[in-house]
Amino acid sequence: MKKISKLFCTLACSAAVLAGGMSVYAESEYKVYDEAGLLTDEEYDALESKLENISDTYGHDVIVYTTKSMEGMESASYTEYLREELDAGIDGSGIIYMISMEDRDYDVYSFGTMYNDIMIKNIIDDMTEELQPYLTDGEYYTAFDRYADRVEYEINQVLEYGPNEPPSYAIPIGIGCGLIIGIVTVCVMKHGMKTTRQEAMANNYIKDGSFKLTRSSDVFLYSQVTRTKISTDSGSSGSSGGGHSSGKF
């Protein structure tokens with residue numbers, strides 16, 4: 001009910017502004033829309049204040065949205081729909097954390113500068129994996145509060161050190177290529193050493209009386225390790241102008 005009444009007020013204000021010929025500054029009116037009724041009044045007020053402060057301070061829309069049902073839509077599509085409905089995004093930049101109780105779905109949608117420089121794919125994947133247990137245990141406020149903390153932390157990291165970048169795979173690939181070249185070289189050298197015909201008996205290589213065995217041991221000279229990557233489905237996806245990390249709890 002909180003979300004419905006706020007949406008009504010938002011739409012009414014927007015209509016009044018448009019009727020007066022004034023420009024509308026793109027940003028969601030509120031930062032918490034608890035349609036599913038998962039938060040107490042105290043939790044709602046604390047979270048709204050916290051997200052509003054982050055949004056105003058750093059210039060990125062940071063939103064939490066809960067719903068009872070996504071009305072038959074996929075989670076990623078529904079969150080993109082919410083972006084349009086809420087007019088979310090300060091200068092086109094923001095992030096929405098949506099959960100739906102009908103089938104226990106969640107989706108984090110990061111878009112604009114927020115996605116390009118701050119909450120990039122691997123970071124939102126890591127965040128949703130960290131928060132998912134709180135949703136499963138019904139600790140919704142804790143999940144949303146930690147979401148706010150993580151977003152603010154990443155914003156400050158970018159302000160101090162520059163934009164986040166996807167993990168680089170150049171070093172592992174270089175090591176792998178080096179190993180392959182080394183193995184091929186050893187095999188070629190080993191093959192080149194086979195210049196004589198192999199004898200069936202070792203005795204043919206020993207002069208009578210010239211060899212006396214005083215000690216024997218087994219020495220392990222070579223090893224070959226084969227690794228196979230296990231593919232996993234992270235439940236994340238990208239879309240034009242943003243990226244998602246979705247799953248169930």
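Start with His60, which counts as buried at 11% relative accessibility; buried means under 20% relative accessible area, exposed over 50%, and partly exposed in between, with a 1.4 Å probe and protein chains only. Before going on, the ground rules. This is a predicted model, where local features need pLDDT of at least 70 and side-chain atom pairs count only at pLDDT 80 or more, while totals for chains, interfaces and linings use all residues. Residues are numbered from 1 along each chain as its sequence is written, and side-chain values use heavy atoms, with hydrogens and water left out.

Back to His60. This residue is found in the loop between helix 2 and strand 2. Helices (H or I, at least four residues) and strands (E, at least two) are DSSP runs, numbered from the N terminus. What joins the side chains of His60 and Ser93? A polar contact of 2.6 Å. By polar contact I mean a pair of N or O atoms within 3.5 Å; within protein, one must be able to donate a hydrogen and the other to accept it, and residues adjacent in sequence count only if both atoms are side-chain atoms. Contact in general means heavy atoms within 4.5 Å. Not counting residues up to four places away in sequence, His60 touches Ser55, Ile90, Ser93, Thr113, Met114, Ile118 and Ile155.

Next, Lys31, in the loop between helix 1 (2-19) and strand 1 (32-34). Is Lys31 buried or exposed? Buried, with a relative accessible area of 2%. A polar atom of the Lys31 side chain lies 3.2 Å from the backbone oxygen of Ser28. Leaving aside neighbours within four places in sequence, the contacts of Lys31 include Glu48, Glu52 and Asp61.

Now strand 4, residues 105-111. Seven of its seven residues are buried, so strand 4 is largely enclosed by the rest of the structure. In a regular strand the side chains alternate between the two faces of the sheet. Here, Asp105, Asp107, Tyr109 and Phe111 point one way, and Tyr106, Val108 and Ser110 the other.

Which strands pair with strand 4? Strand 3 (residues 94-100) does, in the antiparallel sense over seven bridges; two strands pair if DSSP finds at least two bridges between them. Within that pairing, Val108 is the bridge partner of Tyr97. Strand 3 and strand 4 form a hairpin with four residues between them, and Arg104 in the turn has a positive phi of about 55°. Strand 6 (residues 242-248) also runs antiparallel to strand 4, joined by seven bridges, and His244 in strand 6 is the bridge partner of Tyr109.

Then helix 6, residues 140-161. Its 22 residues reach 31 Å from first C-alpha to last, close to the 32 Å expected at 1.5 Å a residue; the expected span is 1.5 Å times one less than the number of residues. Among its buried residues are Asp145, Arg150 and Glu154. The buried residues of helix 6 pack against helix 2 (41-58), strand 2 (61-67), strand 3, helix 4 (113-118) and helix 5 (121-136). Just after helix 6, Gly162 takes a positive phi of about 100°.

Last, the whole chain. It has seven helices and six strands. Of its 249 residues, 33% count as buried. Of the contacts with a separation of 6 or more, 69% are between residues 24 or more positions apart.
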